[in-house]
Amino acid sequence: MRIRTISYFIREALKSLYRNSWMGLASMGTVAVSLIIVGLSLITVMNANYLAARLESNVEIIAFIKSDVSEDDARALKNEIQSIPGVSSVEFRSKDQALVEFRKELGEQQNMINALGGENPLPHLYKVTTISPGDVEGVAKKLELFPQMEKVDYGKGVVEKLFSITRWVRLVGLTVIVLLGLAAVFLIATTIRLTVFARRKEIQIMKILGATNWFIRWPFLVEGMVLGFTGALIAVLIVDFSYLAVIDYVQKDLNLNILGLQKDTRFLLLLGGVMLGVGTFIGALGSGISMRKFLKV
Amino acid sequence: MINMINVSKIYPNGTKALTDVSLRVEKGEFVFLVGPSGAGKSTLTKLIFREEQPTRGQILFNGKNIARLRPGEVPYLRRNIGVIFQDFKLLPNKTVAENVSFALEVIEASKREIRKSVPEALEMVGLSDKVNAVPSELSGGEQQRVGIARAIVNNPPLIIADEPTGNLDPETSWEIVNLLHEINKCGTTVLMATHDKVIVDGMRKRVVALENGRVVRDEERGAYGYED
Ligand SMILES: Nc1ncnc2c1ncn2[C@@H]1O[C@H](COP(=O)(O)OP(=O)(O)OP(=O)(O)O)[C@@H](O)[C@H]1O
Ligand SMILES: [Mg+2]
């Protein structure tokens, strides 16, 4: 294909974009909105997955030992706990160690502890992790059977809840994306159909003069792809900037690093690329649909 | 050049536009296609440049059966045929020069070819001084000259003209037909459907008469033959 031909296609596409600028803006906006939703749901799912993975690997069982059990007796339980199937690590924390840690965490408000008057109200405890998250519940049940145990705690249901949230976001996101995607394709098809209609005489003449169907099609395809791409570009900019702003806000102003929002540039780049690709594809699809009929003759 | 063998055309709505038409046109001929309104003249020309397909029969163009052309081959057939219309079919927002070069642009001719051929074609039709005018600034005859220049600019071996003088006064009609005759003398085959008795009688060229979709007369150096 000649360079001149390509520049002809682009020139013709831009000309008719200029002529139909309102329809063009509408379809561009739809592409942008649907892709913004795509982007935001993907980011949410990604963060939720990340958080779930982190929580999962963090789920540990804490077994508190009754206060009338001596430290030596408590320490002696270690081998027995270790032999429970599914247990990966067992760590004993005496009440004294726990107090030291507690002091550290409290920092400047240590007088709270001093107010206790030398008494240590904290129990001895075991931190137990399992080989897989699925073992947590079984191991916890076994630990509860120990007569020395006061109470056994683990992050029951947190992970499950998180996963159900991700599933929900995925489902709703997907539905909205599909609906808006269809709307975008339809609007672009309508825009291109208007262009085709405005130029039907020219198209008829081109065919009689011996233009190939692809020669006639290309300017319209380019027009649709420009619409889709521009809409996607707007969406990428909005999604990326607002996400970065949110991360900044959460980390600096709220000081909530623990939320663990992902500032993964590779992910954002990939997301941007995918959105641009999808937008361009939507544009090409829309104009393809609107041209199928009239080019048959 | 053109060889139609037992060609019939029935439109989807059931109209029998052509019935069992056989017609040979040799290279370099000038042929008038006459007949009453609705006889099938336009249909016959459309079959040749493949705007319509025959229901039955074969149409050979330079030996190739164009009734069985794949859709992708149609544009390349049309590049061998310059078509001229009664209503000119010019693009109103393009200048004379642009309308003519459009024919070369859409078949992806080179810039060099466009720069050489467009002025030649405009010279041939006598419009060299109007290159930058738009169609609305031209008379009917001048517009049809632009149509002719566009049809001949890529040197097709065949020109099909469907009532090219239908919208023109007698004097201008003669100018247009003389121009087509000039083009024919340079070796281009011309097939012209017309209602213009004076011109057909004056030219004394081959006349093919259609009636009700059938060829009823085919004479060398013929006359129009109807009184309308
Ligand atoms: N696209 C079409 N669909 C259905 N019928 C058609 C179509 N085009 C032409 N016809 C019919 O076919 C017949 C031949 O029409 P055609 O246009 O070939 O006649 P013509 O000889 O060119 O007439 P005129 O001198 O008025 O231009 C007519 O009866 C016409 O109504
Ligand atoms: Mg006709």
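Analyst: Helices (H or I, at least four residues) and strands (E, at least two) are DSSP runs, numbered from the N terminus. The model is predicted: local features need pLDDT of at least 70, side-chain atom pairs count only at pLDDT 80 or more, and totals for chains, interfaces and linings use all residues. Residues are numbered from 1 along each chain as its sequence is written, chains are lettered from A and ligands numbered from 1 in the order in which they are written, and side-chain values use heavy atoms, with hydrogens and water left out.

User: Is Lys89(B) buried or exposed?

Analyst: Lys89(B) sits in the loop between β6 (81-85) and α3 (96-105) of chain B. Beyond its neighbours within four places in sequence, Lys89(B) is in contact (heavy atoms within 4.5 Å) with Gln204(A), Ile205(A) and Arg150(B). Buried means under 20% relative accessible area, exposed over 50% and partly exposed in between (1.4 Å probe, protein chains only). Because its relative accessible area is 14%, Lys89(B) counts as buried.

User: In what order do the four strands of the open sheet in chain B lie?

Analyst: Strands pair if DSSP finds at least two bridges between them. In chain B, β1 (residues 2-10) and β2 (residues 16-25) pair in the antiparallel sense over six bridges, and β4 (residues 56-61) joins β5 through two bridges, also antiparallel. The order of the open sheet in chain B is β2-β1-β4-β5.

User: Which residue stands opposite Ile2(B) in β2(B)?

Analyst: β1(B) and β2(B) form a hairpin with five residues between them, and Gly14(B) in the turn has a positive phi of about 100°. Across this pair, the residue opposite Ile2(B) is Val25(B).

User: How much of the accessible area of ligand 1 does the protein cover?

Analyst: Polar contacts (N or O atoms within 3.5 Å; within protein, one must be able to donate a hydrogen and the other to accept it, and residues adjacent in sequence count only if both atoms are side-chain atoms) reach oxygen atoms of ligand 1 from the side chains of Ser37(B) at 2.6 Å, Thr43(B) at 2.5 Å and His195(B) at 2.8 Å. Of the 630 Å² that ligand 1 has on its own (Shrake-Rupley method, 1.4 Å probe; for residues, only the protein chains shown count as cover), the protein covers 65%.

User: Which helix gives the most residues to the shell around ligand 1?

Analyst: Of the 14 residues around ligand 1 (a heavy atom within 4 Å), those that come nearest include Lys41(B) and Ser42(B). With three residues, the helix that gives the most to this shell is α1 (residues 41-48) of chain B.
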